[in-house]
Amino acid sequence: MSTSQRRGVLAAVTLATALVVAGAPAASATAEPEIEVSGGLTQPVFSYQDAIREHVRVQSPVDSDGDGKKDLVRVDIIRPKESGSGLKVPVIMHESPYYDEPGVGFELDHKKYDADGNVTKFPLFYDNYFVPRGYAFVSVDMIGTRLSDGCPTTGGPSDVLGGKAVIDWLNGRATAYDDQGDPVKASWTTGRTGMIGHSYEGGLAIGVAGTGVQGLETIVPLAGPSNRYGMWRENGTLTDIKGGQQWMAQRIDLDPDEKCAAAHQRMTEGSDDDTGNYNAYWRELDYRTGPVSKASNVRASVFSVVGMQDRNVMGSQFSTWWAGLPRSVERKVWVTQYGHLDPFWARREVWVDTLHQWFDHELMGVSNDIMRRPRADVQLGPDRWITQADWPAPTRTTTLRPQQDGSLSGKPSTGTGSYLDTAQPETAMAADPATANPNRLAYLTPPLKNAIRVSGTPTVSLSLKLDRPTANLGVLLVDYGQDTRIHGADPNGWQGLKLADGSDCVGERTADDDGCYLRMADNTVTSGFQVVSRGILDAQNHTSLSRQTPLTPGKSYQITWKMLPQDYEFKAGHQLGLVLTGTNSDLGDAETGTGTKVAVDLDGTSISLPLVTGTSSGE
């Protein structure tokens, strides 16, 4: 939000609600509470127990189940009691497909209802914390889930347009109904709305923002996907189960399968698992450049969180969308070494305080220093965070080339090597790099004299010949050196966390909702190496993700593509490793390896790294 916009919001809030700064005299001893600001933060002056709880059904513009009626979207609301008698409040909106299955958050919370159908317990802490500070909290059952009509489409247009319809209702542009079918207006709100959510929920926030809808002032996507192709594919390879789109839709929708059979069939046919190609179906679900939602249309400010060890919503989902946002969009980001994570579970106190300042600034127009702070918080290791002006950090490109003797350096190279495309986990690919392995080639730099830091997206270029028409080409960037690191990619863990003693209670409480959550701590591992970044490509898609072009066996090809982004420090004494390999089984079991022999010409093979300039740590 710009300074002029913030002044306008403050003026509107002052007129509508008599915004009070702590220390100013009250109008009278019996006056109802008003929004109060102290130290650049709204204060908890409203009763959570006495808050208004209600629900409506917003009419959407879509008929996702084909029953001839526009889908109605269930919206559960909690707002300060005073908003029923003139106080107008902004909205924090959490739209989720998870309220039935599997549940919301790490504790898999569900809604609880009273006899009138109003929610007495909302999952997560947003209502407990923000309603006492003068916000409404709006909990939206995504189309096709819980108490909303329709069919979920796993990121499809109806998912997005259902959420947009709620923003439109909050701003007087759509119709909602109560249980008797009577229209209900959102006369209690300023219309200024912020969306927040993790994973699928974060993707909904990204998708709705990409429609350019007015009234959505900010979004906080936490590990949210910006394109569904990238959830199940990586450069033509399948990185998860076949039929993943339909599987997800059926998982979150408890209605009989027959109701949404047509939607499921469309997902199955459109996904085109046989080729892994990007097609018109996937473009419709692409919030970067798609026909329904696109990054260039975003008007809302953005506060993103990304886990660089996330194997579900991988880092490129964030980095490509982030780069496509208009330069005018105000933004902030946390870049972590965790996996698929909501930072509430990792850095709770700092996260709640930062989120509070963000929403106050963007939705209330409160003058605080959130936008004067560095834009990016970056985690470099256990309990080690730095800040910097933007992400990625300023870098220079350094190109390293594999040498015939197994080293990796900036020198020109000659020689060849070969390996077989077989499916392996990353630990097998990267372990014992000095030992010959028919399923990979490994090259290491000498021990580093000084720490260096990668910030951004590496690029790999391979000069190769195949003995068959295709192969899955895999590349790993590895940090070799004994160290204790965040175990963000632990397949049996909590995305880089472990349970800790005790719990924290955040915000106000009622008998049904205590607002208390388990504590967690960093889950670390001490090991001799860590995979830092990875890249995989179906060689048939080397010229286009939209069509396959089989390679001519024995013919030389130069194939270049981007790996996954990262922000990572290699410590002094460690070695950078480049591992050339085949199918990465850690990214899913849908690909089994082709058995193709990949012959590599080292002279034309390299990895280009964005290395941070200046102080390598950014501190």
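**Terms and values**

Guide: A polar contact joins the side chain of Thr42 to the side chain of His356, at 3.0 Å. The model is predicted: local features need pLDDT of at least 70, side-chain atom pairs count only at pLDDT 80 or more, and totals for chains, interfaces and linings use all residues. Residues are numbered from 1 along each chain as its sequence is written, and side-chain values use heavy atoms, leaving out hydrogens and water.

Visitor: What makes the pair Thr42 and His356 a polar contact?

Guide: The term means a pair of N or O atoms within 3.5 Å; within protein, one must be able to donate a hydrogen and the other to accept it, and residues adjacent in sequence count only if both atoms are side-chain atoms. The side chains of Thr42 and His356 make such a contact at 3.0 Å.

Visitor: Why is Thr42 called buried?

Guide: Buried means under 20% relative accessible area, exposed over 50%, partly exposed in between (1.4 Å probe, protein chains only). Thr42 has 0%, so Thr42 is buried. Ile252 also has a relative accessibility of 0% and therefore counts as buried.

Visitor: Why is helix α3 called roughly perpendicular to α4?

Guide: The axes of α3 (residues 157-170) and α4 (residues 200-209) come within 9 Å and cross at roughly 70 degrees. Angles of 65 to 115 degrees count as roughly perpendicular, under 35 as roughly parallel, over 145 as roughly antiparallel and the rest as oblique. Therefore α3 is roughly perpendicular to α4.

How values were computed
Axes fitted to C-alpha atoms, helices over the stretch in contact; angles between N-to-C directions. Helix = DSSP H or I, 4+ residues; strand = E, 2+ residues; numbered from the N terminus.
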